Amino acid sequence: MYDWLSDALDNSATLITANRRLARVLADEYAAQQLATGKKAWQSPRIFAWQDWLGAALAAGSEQSDLPTRINTQQSQLLWERCLQKEIGDAESSLSNLVRLARDTRQKLSDWQVHISEVAQAAQNDDQRLYASVAGRYESLLEHENWVDDAALGGLVLESIKSGRIRPAARHTFIGFKRERPVVCSIRAALIEAGVEVHSAPAVVLGRNCELQAFVNSDAELRAAGAWARQQYETNPDAHIGIIANGLEKNSAQIAGRVREGVAPGWQYGHATLFDAVNVSYGQRLSAYPAVSSALLLLRWLVDDLSSSDVGLLLRSPQLGLADLSARSRLELRLRQLPDRRWSPSMLTAEFRNRDGTDDDGDDARDWLERLAAFSKRRRELPKSATPSEWAVFVDELLKGFNWPGQGALDSPEFQLVNRWRELLNEFARLGLVSARLGARMMVSRLDLIAGETVFQPESTNAAVQLMGPLDASGASFDAIWISGMTASNWPAAGSRSLLVSRRLQEKYGMPDCTPANTLQFAEQLLEALAQSSETVVCSYAITEDDAEQTASVLLESFDVTITEAYQDPGWHAATLASSAELLDHDDSVPAVTAEELIAGGAGTIQRQIREPIAAFVHGRMRARVIYPQAVGIPAPMRGNMIHDALYKLYMDLPSSESIAAWQGDELTTRIDDAVNFAFGRHEKNTDAVLQQLLLLERGRISDLLREFVAIDAARGNFSIASVEGKFEFVAGNIRMPLRFDRIDGCDDGSIAILDYKTGSKKQLINRSNEAQEIQLFVYACATDAPVSALALVNVDSREIAFNGAGRGYTDIDAWPELLQQIKAQIAFACEDLSNGDVRVNIEQGISAARPLNLLSRYTELRRELG
């Protein structure tokens, strides 16, 4: 394979490829050939992709001072935007799509050597006339400033060869140019006229035979192609294996995932080498990579406040701060339970800086908040404007301040990604040629735009299979190739002629897809080259695609096609695991609770132990936390906390029922206002305008609730509040739990009543059978030595304020002591089970109740086994 390569590169000869991928392939092949001959060192081969060769040829020419200055893609983008704005004003909020279309059109016009004056004369509609005007303005600007963009490089090199400014030596070989562009033909002719030996790489003609296979759908087709490639590789590990697929530029991740299902089943949960087994010719946009995405999001925080979800992404990002994410993850869980708002960096640091020593604190969280404080300072000190090079230095230092791209050594793809980002910063810095100064917002949006339009694919040396688009494979040779998607709708694909140039002018110059015949001819040439690139060729198509029936492409009629039975579709690997899964019993008992162990969750853990023992173990002993979605508006837990805080402030002086009844008029209003101010004070800090309005409405609602609550509470009979927001410690064997009660009332006989405020849906303490529905207050009763004469849930809600309890004032007082002892015994049994490591699964619970822990409890499988 590529036997001609060494000869083509002898004596410092030059090889020019149609694309960079082919240039890399040939460079690797040349190195392998040199090693095969026993060489340990050799001169680097002169292998260039077309665009790179144009730049190298100009750089090697004489009279460099007379040459125009070359501008890069980003500089060209900015100039096009300015020219468009001159023509259409600032009506368009985003010009990036228009600029992309205009630049692509200019590249085609340059390649087919069409002057812009002809475009203007042939224009047939407003869009074409607008483009001609904008392009004319753009070209005038380049000429005035003595600049040249990538599109005009070919014309400049052609002129320089003819004038003798560029004097290429040695032989030049071209490969992979399936659609000859006039500018390429002209340069080849100019090289020959200048005395240069010009060749085309030897045409590969391995045959016109191919197998044709049909599959139910494209998923089955691509998985089978992957399995076929795996078989080819196992037969010959040194084989060059290619899979051709249409649409990689739009959906590379999905297509590659299907192929990997066949090449490396289980790649999703295997070693990274399984993922690398398939190399995809089309990468992702740079902004889609997590490291770059987090960097861009952090930069956006310089000029805009971020939503809670965006801040959460930054908190969870391993590319920012320390490698340990545990405390930051807990911080992010707390953030989810706060009302969504637009956070400035200073708001977030103020919200989380003064912690009370809870277990959410950790080195990684403190480190991250310290870095954020420094970031906030830099945001406040942002210059109004700076040169692009100054901004590039600023951005690099800013990201370093957040420890980007994270701790630890980078692997090869990560290293290449970071280098590409730094190259992007250098490209941005060169915007100074066309724009003296930029504001901070423009800097951020420009970097975001550049990263969004830059496609990046890390080079891989471990790939067993190359997944490519048809054009990417142009000029390459393979030991085996599979061409997928061979339907009539894909081959030939619909033409995409330029909409900004008249059809008549495109037909005159034979521009791409100017006529259906042109599209068909190119598709035939491309398919023939693909089919002749290997001795083993398999073509395939899906019988149905998007619910439409498909047929094989008529282009295959010119080949010797053998219709064969389709290769076996391996299916989804995960499905094979599910069908073979069996529950096995392992002797892996849970250890008993030790005296040093602190159980989390309070009385709720005992409630879980009674209802679902495994839940008590997961939440109480393993300390697993529920991952809530981001709160919208004022979340229920926050409403409940504000009501609790307001009631605490209202009753913190421990008034009696007589005193409460005496609160009337202005005194009651003042007490309620003080209570509400106390409850809302910390929540009204660090808010945006929307949240401020929501809190204002909530103030009114809670004020009305307090007024109604005071009236109902005072009418309940004689009592004296003994304590509010106090602490208990519950002890049962090795189980120790800190508890916090809402309120204790003292009774005339020295006994106490324990009350707990509930602000959600209405709850009952016991049912009609005297069974505890809510165990919490009975656990509190176990934790105190004082005689307990009553327990009550106080439902505080806009729909109803009601006391629901057991004992004095609620149920039969004579039966109360026995009921209390029965439930205390139930609590003791539950604590004994919890202490002994009980992790039973409650099969009788409903599916919705079991769903949160289903992956751990295997509830569904257990139910299925039990029939």
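This is a predicted model: local features need pLDDT of at least 70, side-chain atom pairs count only at pLDDT 80 or more; totals for chains, interfaces and linings use all residues.
## Cysteines

The model contains zero disulfides, where a disulfide requires two cysteine sulfur atoms within 2.5 Å. C210 illustrates the point: its closest cysteine sulfur belongs to C539 and lies 4.0 Å away, so the two are too far apart for a bond. C514 is likewise in no disulfide, and the nearest cysteine sulfur, in C185, is 15 Å from its own.

Are C210 and C514 buried or exposed? C210 has a relative accessible area of 5% and is buried. C514 is also buried, with a relative accessible area of 5%.

## Arginine 446

R446 sits in helix α20, which spans residues 440-453. Its relative accessibility is 5%, so R446 counts as buried, the cut-off for buried being under 20%.

Which residues does R446 contact, apart from neighbours within four places in sequence? They are Q77, L78, E81, F428 and L431.

## The largest nonpolar core

The largest nonpolar core has 82 residues. Within this core, W301, W368 and W421 touch the most other members. Helix α13, residues 290-300, supplies the largest share of the core, with seven residues.

Notes. Residues are numbered from 1 along each chain as its sequence is written. Side-chain values use heavy atoms; hydrogens and water are left out. Buried means under 20% relative accessible area, exposed over 50%, partly exposed in between (1.4 Å probe, protein chains only). Helices (H or I, at least four residues) and strands (E, at least two) are DSSP runs, numbered from the N terminus. Contact means heavy atoms within 4.5 Å. A nonpolar core is a set of buried Ala, Val, Leu, Ile, Met, Phe, Trp, Tyr and Cys residues joined through side-chain atoms within 4.5 Å.
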